[in-house]
Amino acid sequence: MSIVFNSILDKVSFSAHQNMINKIFGIIPGFINGTIFAALLAIFFSGVPLGNSFSEESQNSTLVHQLTTQTKWMEDKIRPVFSDITDSTNILTIHPETNKLIKLPFKVKSARPRPDLEAKMLILINQERSKRRLKPLKADPPLREVAIKHSQDMFQRGYFSHYTPEGKDPFERINNAKVTYLTAGENLALSPNLRTAHTGLMESPGHKANILHADFGRVGIGILDGGKNGIMVTQNFRN
């Protein structure tokens, strides 16, 4: 396309290029071209955690999030052609009701707790619930301990699952912590940043159902920062 367009432009006179009308209308393809490059940069900063403050601000930027969201239509069209293509959002999730265990290609022995991100995620969750006129979830410190321990265990032993390698499911882990409940649920996400994690969970029917479950009243969120390996998010819900 570049060769064809350039060959056509070469035949246009210099005076036509300098015409004011041409320059004005040239803003349109210039804007489109700039948006494409901005989206590519947004995908890069969103998908590559560089481990510094600039990278973190870029990953959590509203503009970056909007640009990467707008490019998702292209990914959805391409994925059926290339079945092994990596999701541009770089988020790993697993259905809340499956016992599948995914082995991670890395282990993180000393991931950093991120209570600041946990607080922000609670705000995002309650914003979603508010849109549906659902009661907000309250932060649950005992349940948060269950969540943070599971995030830590997955990082340290290099796996991703609702079940531990020994076969303990979320309900056993909650029971072992002596936390009472009538109804409970769990969401997991491994992502470069918080916005991507939240968006990915909301785009998954099973995870979205937990976030918007009318019977849930409390949530414990455990987030650990694995640096270049992203953040490990565990959300435990109860009534």
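Predicted model: local features only at pLDDT ≥ 70, side-chain atom pairs only at ≥ 80, totals over all residues.
Colleague: What separates the C-alpha atoms of Glu-145 and Asn-236?

Modeller: Along the chain, Glu-145 and Asn-236 are 91 residues apart.

Colleague: How is strand β6 placed, enclosed or open to the outside?

Modeller: Strand β6 takes in residues 184–191. Ala-184, Glu-186, Leu-188 and Leu-190 point one way, Gly-185, Asn-187, Ala-189 and Ser-191 point the other way, and all are buried. With eight of the eight residues buried, β6 is therefore largely enclosed by the rest of the structure.

Colleague: Which residue of β8 is the bridge partner of Ala-184?

Modeller: Strand β8, residues 231–238, pairs with β6 in the antiparallel sense, over eight bridges. On another strand, β1 (residues 92–93), two bridges make an antiparallel link to β6, and there Leu-92 has Leu-190 as its bridge partner. Back in β8, the partner of Ala-184 is Arg-238.

Colleague: Which residues does Gly-217 contact, leaving aside its neighbours within four places in sequence?

Modeller: Gly-217 is in the loop between α12 (205–211) and β7 (218–225), and its relative accessible area of 25% makes it partly exposed. The C-alpha atom of Gly-217 is separated by 9.8 Å from that of Leu-134, which is 83 residues away along the chain. As for contacts, Gly-217 has Pro-136, Leu-137, Lys-138, Arg-238 and Asn-239.

Colleague: What is the angle between the planes of Phe-106 and Phe-155?

Modeller: The structure holds three aromatic pairs. Phe-106 and Phe-155 make a tilted one, 6.4 Å centre to centre. The two are 49 residues apart, with Phe-106 in the loop between β2 (102–103) and β3 (112–113) and Phe-155 in helix α9. Between their planes the angle is 50°.

Colleague: Is Phe-155 buried or exposed?

Modeller: The relative accessible area of Phe-155 is 0%, and the cut-off for burial is under 20%. So Phe-155 is buried.

Colleague: Why is the pair of Phe-171 and Tyr-181 called tilted?

Modeller: Phe-171 lies in helix α10 (residues 170–176) and Tyr-181 in the loop between α10 and β6, so the pair ties together parts ten residues apart in sequence. Phe-171 is partly exposed at 37% relative accessible area, and Tyr-181 is partly exposed at 24%. The ring centres are 6.3 Å apart, and the pair is tilted because the planes are at 35°.

Terms used:
Residues numbered from 1 in each chain as written. Heavy atoms only, no water. Helix = DSSP H or I, 4+ residues; strand = E, 2+ residues; numbered from the N terminus. Buried < 20%, exposed > 50% of the residue type's maximum accessible area, 1.4 Å probe, protein only. Contact = heavy atoms within 4.5 Å. Pairing = 2+ DSSP bridges. Phe/Tyr/Trp six-rings, centres within 6.5 Å; stacked < 30°, edge-to-face > 60°.
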